[in-house]
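The sequence and the model are shown first, and the description follows.

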Amino acid sequence: MSNHQQQPIQLEKASFEFLEEDAQKLAALGYKQEFKREFNSLSLFCFAFSMMGVLASVSASINFPMSHGGPVSMVWGWLTAASFVMPVALMLAELCSSMPTTGGLYYFAAKLSMRSDKDLGWMPLVVWFTAWVNVVGNVALVASIDWSLTQMVFAWVTLVTDGAFVPTFEQILGLYFAFLVLHGIIGSLPTKILAAINNFYVLLNLVATVVVIVCLYALPSKRNSASYVFTHYDNSYSGWNDGFSYILGMLNAMWTLCGYGACCNIAEECRDAARAGPRAIITSVISTVIAGWLILLAATFAVTDLDAALNSDFGMPMIQIMYTSCGKSATLGLWMLVILVQLFTGSSAVIATSRVIFAFSRDGGLPFSRWWSIVNSSTQTPINAVWLNVLGSALLGLLGFIDQAALDAIFNLASIGIYIAYGIPIFCRITIGRHRFEPGPFHLGRWSTVIGSIACAWTCFIVVSFLFPYEKPVTSTNMNYAVVVLGAIITFAGIWFAVDARKWFKGPRMTIDNDILNAVSVEASSTTQTEDCSFMFDTKDEKFITKA
């Protein structure tokens, strides 16, 4: 080959080598660097831990295990769910290490669901539904966090006034909207500020968790016995049989343990994301599992009257447990800590969800995608996507005009949507995409198929279970409306795909310049001997292709 023929490739490689290492990896996935990388391993862990907000999340949803098995569900249900969540987290960590991009789950599904090198097969449809359920699940997660935050604030006010103040639905809805706006403002801040906020928040979360646990163990004058805590099963509230009631009680754990996947969506804002991402996912889940179990254990020892806690005038069992165990003055301080933790949890959730919306919009998957995929030049954050998230969560709050059961479904909808989105790329990883997968620094090796199979089986099992009503007999006031909302959105997305989107949606769209993209291919082929294929992009057809 002549020097003249080699020159373009040399120029392309020079353009590629000019990029920083993380930007090079992102370019290899087909995307240009649009965010500032202000997160590091510690701040990404803080972000993931913040997303799960263990103290506030357990406090907001403790009514589920209390009313579906009592002490046994509170103590053992958490550990049962956590033991099956861990395989899901390990698989996501492996995928995040391999493909650290904001597209996250649906990008994983895209790369791993192609039928062959030149045949996309079902990939566009798989990606389409993965992205839609992920968006819906994350928007519902924000809504459930801010709705529970609103309930926490009014529970605190009720305690302050000794029950004299009883909020109306309009007041609750107004404060809910106010918290959404506040979180929208926080989510619009520059990445550097967001990283600093999360570093502070994790310290608050840890301190608050320790303080609450110590107080619940040390202050009560009357405590349950160890035999009661670890062996007493009370299924007098749900109407379901003992086994299924125990399963429904695990919603407490599944709702809490569903934010760690956000590490994938922050990958383009993190340094050394291929290592920091999986590290943050695994450590944040383990930390949350341990802290959550200690909180539940303390609460189970302290709650001496399940009926009084579940039917409390405060509207939330956890504050009643604190009040009975620690007295009014201590509870006012402890519950304020819970409120602050939930406040920051909501801001983390808005940040993560806005990145999910941005990534899907960048690939043209949402109505008016061009608008939602804009990155603000001053803050270098997707501000428009933040406020679309706020709007979507606000609309879910209007379900309260139906009844309280419709609002309770938001908790279910978050867990169901997010875990479906987790399960699809994991299933692709261990089936059609197992030979196409290119491991990153963190990988499970030969154990990936076994761990992935457990993760997929658990996801299917828990998603189907959580579509059932919480109580029997089923009435309009205890109906699980999650199946209605999720069904309506999936139907809308399915009809849109069948009628129109299938004609133009071909999966993720590359944003990197063609010369740098070609240089990535040249660099990869010259330095990597073990890769099965390199990921390329056909700009004419706007779809993925692979090059052997």
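Helix H6 and helix H15 (residues 273–302) pack at an angle of about 175°, and their axes are 9 Å apart. Axes here are lines fitted to C-alpha atoms, for helices over the stretch in contact, and angles run from 0 to 180 degrees between N-to-C directions. H6 and H15 are therefore roughly antiparallel to each other, a term used for angles over 145 degrees, while angles under 35 count as roughly parallel, 65 to 115 as roughly perpendicular and the rest as oblique. The residues of the contact of H6 with H15 comprise 23 nonpolar, 5 polar and no charged. In this division Ala, Val, Leu, Ile, Met, Phe, Trp, Tyr, Cys and Pro are nonpolar, Asp, Glu, Lys and Arg are charged, and the others, Gly among them, are polar.

The model is predicted, and local features need pLDDT of at least 70, side-chain atom pairs count only at pLDDT 80 or more, and totals for chains, interfaces and linings use all residues. Residues are numbered from 1 along each chain as its sequence is written, and side-chain values use heavy atoms, with hydrogens and water left out.

Helices (H or I, at least four residues) are DSSP runs, numbered from the N terminus. Ile-282 lies in H15. Ile-282 has a relative accessible area of 15% and is therefore buried, where buried means under 20% relative accessible area, exposed over 50%, and partly exposed in between (1.4 Å probe, protein chains only). The C-alpha atoms of Ile-282 and Met-86 are separated by 8.0 Å, although these residues are 196 residues apart along the chain.

**Salt bridges**

A salt bridge is a side-chain nitrogen of Lys or Arg within 4 Å of a carboxyl oxygen of Asp or Glu. By this rule the count comes to 4 salt bridges, and the table presents some of them.

| Pair | Closest N and O atoms |
|---|---|
| Glu-94 and Arg-429 | 3.1 Å |
| Lys-328 and Asp-162 | 2.9 Å |
| Asp-272 and Arg-275 | 3.3 Å |

Glu-94 forms its salt bridge with Arg-429. This pair links distant parts of the chain, with Glu-94 in helix H6 and Arg-429 in helix H21 (residues 404–430), 335 residues apart. Glu-94 is buried at 1% relative accessibility, and Arg-429 is buried at 7%.

Lys-328 forms a salt bridge with Asp-162. This pair also joins distant parts of the chain: Lys-328 is in helix H18 (residues 328–362), and Asp-162 is in the loop between helix H8 (123–160) and helix H9 (169–187), 166 residues apart. Lys-328 is partly exposed, with a relative accessible area of 27%, whereas Asp-162 is exposed at 59%.

In the pair of Asp-272 and Arg-275, Asp-272 is partly exposed at 27% relative accessibility. Arg-275 is partly exposed at 37%.

Ser-348 lies in helix H18 and is buried, with a relative accessible area of 1%. Ser-348 and Gly-259 are 89 residues apart in sequence and 9.4 Å apart in space, C-alpha to C-alpha.

Phe-84 is found in helix H6 (residues 71–98). Its relative accessibility of 32% makes Phe-84 partly exposed. Together with Trp-447, Val-450 and Ile-454, Phe-84 makes a nonpolar surface patch of about 360 Å². Patches are made of residues with over 30% relative accessible area and no salt bridge, with like charges joined within 9 Å and nonpolar side chains (Val, Leu, Ile, Met, Phe, Trp, Tyr) within 5 Å. Accessible areas come from the Shrake-Rupley method with a 1.4 Å probe, and for residues only the protein chains shown count as cover.

How values were computed. Helix = DSSP H or I, 4+ residues; strand = E, 2+ residues; numbered from the N terminus.
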